[in-house]
Amino acid sequence: MISTDVLRELFLFEKLDEGQLEWLAAHGEERDFDAGELILRQGDPAACFFVLIDGEIVMITETPSGPVAMSPTAQRGVYAGATSAYLGDRAPETYGHSLRATKPSRLFVLPAKKYGMMVGEWFPMAVHLLDGVRLGGLAQRELIDRRQRLTALGTITAGLTHELNNPAASAVRAVGELRDKIRTARRQLAALAEDGISAGQLRALIDLQEGCTDKTAALPSRSPLEISDAEDELGDALEEAGVDDGWELAPPLVAAGFTATGMEKVREAVGEEHLSGATHWLAAAIEINQMLNEVTDATERISSLLASAKQYSQMDRAPYQTVDVRELLDSTLTMFRGKIPPGISLATDYDPELPPIPGYAGELNQVWTNLIHNALDAMEGTGILTVRTRLEHDTTALIEICDTGPGVPEQLRERIFEPFFTTKAVGEGTGLGLDISFRIVAGRHGGDLRVESAPGDTRFQVRLPLTEIPAP
């Protein structure tokens with residue numbers, strides 16, 4: 001029979017009197033387990049209540065997406081198994097998780113019926129309170145958890161909409177102008193034909209236009225002053241050559257690398273009699289090409305944003321997979337581009353040696369979303385947001401979300417991961433962002449989430465194992 005002195009040393013039983021400890025000792029027993037031995041299995045009948053005396057254990061839960069392990073613990077007095085047996089007929093009939101010894105361990109084992117009877121007889125008011133808190137907490141958590149996800153989705157959707165609006169508006173504007181330019185270019189080409197331009201001259205003019213187009217990408221960058229001077233010089237040359245509206249034609253021609261000396265090439269290609277009409281067509285053709293480039297750039301930007309959204313949502317990939325953390329972080333930051341205030345600068349510092357890790361990509365993106373959102377709120381419009389990754393001890397991926405805000409007061413650091421605890425004003429937060437993040441990191445991935453904070457340097461650190469969570 002287990003000693004009452006041993007039971008009294010466990011925080012779970014330290015307030016019981018001698019008679020209650022003797023009752024526990026009489027109805028329970030000690031059991032030893034070797035490292036790696038399974039203590040209880042999820043789905044088996046919930047027959048016993050277990051309390052750790054010494055050693056180390058880990059709780060593992062089987063989900064449709066695979067096993068999820070909590071962080072191993074060596075805290076004496078932690079308990080598992082038929083913890084809801086006090087509910088009687090309403091208690092779960094099977095274990096909701098598995099328990100494995102990670103080191104040689106010794107546990108106190110109490111039959112579930114004895115445990116339920118003990119709690120019901122010794123603490124009847126506590127049973128009613130626990131039952132009420134359990135049911136109310138489950139309903140409240142489900143409601144607010146759903147609201148939290150919707151709030152995060154609204155934030156991301158607003159940012160994505162803002163980012164999509166700019167390239168979409170650019171493409172619409174360019175297409176609208178393209179219609180007019182193409183119509184004008186057709187009429188100019190018809191006018192050249194009416195003026196008797198030969199097929200050879202027209203071919204030479206088209207070759208000249210294509211040459212300007214091909215050289216555009218390789219042109220060296222110029223300052224606004226240099227561009228203005230080049231436009232003035234070309235405008236003067238066009239006026240001297242008798243080309244009407246030369247000042248309007250100069251900007252697109254200069255943007256394509258056309259210079260005053262290029263007028264001779266046009267004259268050689270089409271002759272003096274077609275110089276004015278050919279130059280007008282050449283400018284229009286170059287503008288059409290520039291607008292097509294704008295449309296291409298805009299649609300590529302839209303495609304890139306949609307690819308980031310797809311990566312962020314992970315909607316076409318398996319829930320549990322090997323993922324590149326840097327890709328997940330980049331896709332989340334892309335979703336936030338439109339929500340980052342102008343006064344906040346973004347810095348990324350990714351370790352190229354960090355290998356892919358196993359995990360639930362969509363859930364990890366929710367963690368990054370919560371942490372980045374909190375960091376932006378903390379800086380109140382001014383500061384530096386830093387996202388950093390590191391390989392730690394060759395076994396762990398370290399991801400840091402850093403901000404230069406006022407920091408988290410020391411007396412609050414141990415509470416910020418508690419459900420419903422928030423430092424924000426009423427109506428500004430649910431107090432579930434960090435709680436959800438912690439459950440995803442620790443519960444779903446067997447990792448760790450903690451904070452290091454000082455004024456001007458707050459770091460939320462996520463540690464994730466590089467190896468898959470072992471099955472029970």
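Mentor: Start with R183: its relative accessibility is 40%, so it counts as partly exposed. Keep in mind that the model is predicted.

Trainee: Why is D180 called partly exposed?

Mentor: Its relative accessibility is 44%. Buried would need a value under 20% and exposed one over 50%, so D180 falls in between.

Trainee: What makes the contact of D180 and R183 a salt bridge?

Mentor: The N to O separation of their side chains is 3.0 Å. The cut-off is within 4 Å, so the pair qualifies. Both residues sit in helix α4 (residues 124–194), three residues apart, which means about one helical turn between them.

Trainee: What ties strand β6 to strand β1?

Mentor: A salt bridge between the side chains of R106 and E30, at 2.8 Å from N to O. R106 belongs to strand β6 (residues 98–111) and E30 to strand β1 (residues 29–33), so parts 76 residues apart in sequence are tied together. E30 has a relative accessible area of 33% and is therefore partly exposed.

Trainee: How many salt bridges does this rule give?

Mentor: The count is 20.

Trainee: Which helix gives the most to the negative patch?

Mentor: Helix α6 (residues 224–240), with seven residues. D232 lies in that helix and is one of the patch residues.

Notes: Residues numbered from 1 in each chain as written. Predicted model: local features only at pLDDT ≥ 70, side-chain atom pairs only at ≥ 80, totals over all residues. Heavy atoms only, no water. Patch = residues over 30% accessible without salt bridge, like charges linked within 9 Å, V, L, I, M, F, W, Y side chains within 5 Å. Areas by Shrake-Rupley, 256 points an atom, 1.4 Å probe, with all protein chains shown as cover. Lys, Arg positive; Asp, Glu negative; His and termini not counted. Charge placed at Lys NZ, Arg CZ, Asp CG, Glu CD. Helix = DSSP H or I, 4+ residues; strand = E, 2+ residues; numbered from the N terminus. Buried < 20%, exposed > 50% of the residue type's maximum accessible area, 1.4 Å probe, protein only.
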